[in-house]
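Please look at the sequence and the three-dimensional picture below before reading on.

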Amino acid sequence: MQTRTAPVSRSALERFNDAPAEEAVRTLLACLDSRLWAERLVSHRPYPDLPSLLAAADEAAYDLSPADLTGALAAEALPALPQDTYAAAHTALSAATAAYEARFGHAFVICLDGMPADEALDHALAGIRSRLANDPDEERAVAADELRRLARGRLTDVLQRRGAVTSAASPRGPDEPATAHARQTAQTPTSRSGH
């Protein structure tokens with residue numbers, strides 16, 4: 001699946017390419033909480049452009065071991081719903097994620113990039129309900145793909161919107177856009193989530 005990406009500031013990518021290894025790893029860990037993934041990306045610097053970096057990020061995410069995937073899923077944040085969301089929505093999302101986690105043993109994640117904030121909750125709930133019918137192996141593959149898409153969106157966001165690569169924020173940062181998963185279900189589109 002190919003996604004169009006806006007041009008990234010050359011200086012942001014240069015800063016990422018030139019940052020000390022541990023600083024670059026911290027930046028990447030804010031996109032996907034897998035040290036193996038982050039170190040692999042850092043070890044292949046410099047990247048000539050954002051599409052090259054995103055392709056490498058995808059490849060590294062596909063290569064996550066079951067243990068790495070479990071750790072990355074465990075780091076995902078709980079959903080952050082808008083303040084004016086009805087209590088019933090909070091209850092419905094909490095119940096759905098609890099059922100999902102009881103069935104699969106890991107956090108529910110879904111990429112909500114580009115999803116209007118007023119549709120994110122419904123989309124997340126529909127995703128949980130449909131994915132509850134998956135068998136565990138099938139769902140693990142779906143969750144891994146959603147996590148990869150979240151990491152891609154977060155990495156793009158770091159380089160395009162913030163332009164800096166010095167963030168040590170975790171995937172559960174409260175200021176993240178809603179680009180991401182079901183756990184941060186109704187924020188601004190372009191953030192990540194998890195549990």
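The crossing of helix 6 and helix 7 is left-handed, a crossing being called left-handed if the near helix is turned anticlockwise from the far one by less than a right angle, and right-handed if clockwise. The model is a predicted one, in which local features need pLDDT of at least 70 and side-chain atom pairs count only at pLDDT 80 or more, while totals for chains, interfaces and linings use all residues. Residues are numbered from 1 along each chain as its sequence is written, and side-chain values use heavy atoms, with hydrogens and water left out.

## The chain as a whole

The protein chain has eight helices and zero strands, where helices (H or I, at least four residues) and strands (E, at least two) are DSSP runs numbered from the N terminus. Of its 195 residues, 50% count as buried; buried means under 20% relative accessible area, exposed means over 50%, and partly exposed lies in between (1.4 Å probe, protein chains only). Among the contacts in the protein chain with a separation of 6 or more, 69% come from residues 24 or more positions apart, and contact here means heavy atoms within 4.5 Å.

## Helix 6 with helix 7

Helix 6 and helix 7 (residues 117-131) pack at an angle of about 30 degrees, and their axes are 10 Å apart. Axes are lines fitted to C-alpha atoms, for helices over the stretch in contact, and angles run from 0 to 180 degrees between N-to-C directions. The two helices are therefore roughly parallel to each other, since angles under 35 degrees count as roughly parallel, over 145 as roughly antiparallel, 65 to 115 as roughly perpendicular and the rest as oblique.

On the side of helix 6, the residues that meet helix 7 are Ala89, Ala92, Leu93, Ala96, Thr97, Tyr100 and Phe104, and their partners in helix 7 are Leu121, Leu125, Ile128 and Arg131. By class, this contact of helix 6 with helix 7 has nine nonpolar, one polar and one charged residues; Ala, Val, Leu, Ile, Met, Phe, Trp, Tyr, Cys and Pro count as nonpolar, Asp, Glu, Lys and Arg as charged, and the others, Gly among them, as polar.

Leaving aside neighbours within four places in sequence, Leu125 is in contact with Ala92, Leu93 and Ala96. Leu125 and Ala92 are 33 residues apart in sequence, and their C-alpha atoms are 8.0 Å apart in space.

## Helix 3 with helix 4

The axes of helix 3 and helix 4 (residues 50-62) come within 10 Å and cross at roughly 145 degrees, and helix 3 passes helix 4 in a right-handed crossing. Trp37, Arg40 and Leu41 of helix 3 make this contact with Leu53, Ala56, Ala57, Glu59, Ala60 and Ala61 of helix 4. By class, the contact of helix 3 with helix 4 has seven nonpolar, no polar and two charged residues.

## A residue in a loop

Asn134 lies in the loop between helix 7 and helix 8, and at 12% relative accessibility Asn134 counts as buried. Not counting residues up to four places away in sequence, Asn134 touches Arg103, Phe104, Glu139 and Val142.

## Charged pairs

Side chains of opposite charge can pair when their charged atoms come close. The structure holds 10 salt bridges, a salt bridge being a side-chain nitrogen of Lys or Arg within 4 Å of a carboxyl oxygen of Asp or Glu. The table lists some of them.

| Salt bridge | Closest N and O atoms |
|---|---|
| Arg35 and Glu22 | 2.6 Å |
| Glu39 and Arg35 | 2.9 Å |

Arg35 forms a salt bridge with Glu22. Arg35 lies in helix 3 (residues 35-43) and Glu22 in helix 2 (residues 21-29), so this pair ties together parts that are 13 residues apart in sequence. Arg35 is partly exposed, with a relative accessible area of 36%, and Glu22 is partly exposed, with 38%. Arg35 also forms a salt bridge with Glu39, and these two residues both lie in helix 3, four residues apart, about one turn of the helix. Glu39 counts as partly exposed at 37% relative accessibility.

Arg154 counts as buried at 5% relative accessibility, and Glu76 is buried, with a relative accessible area of 0%. Salt bridges that share partners also join Asp58, Asp145, Arg148 and Arg152 into one network.
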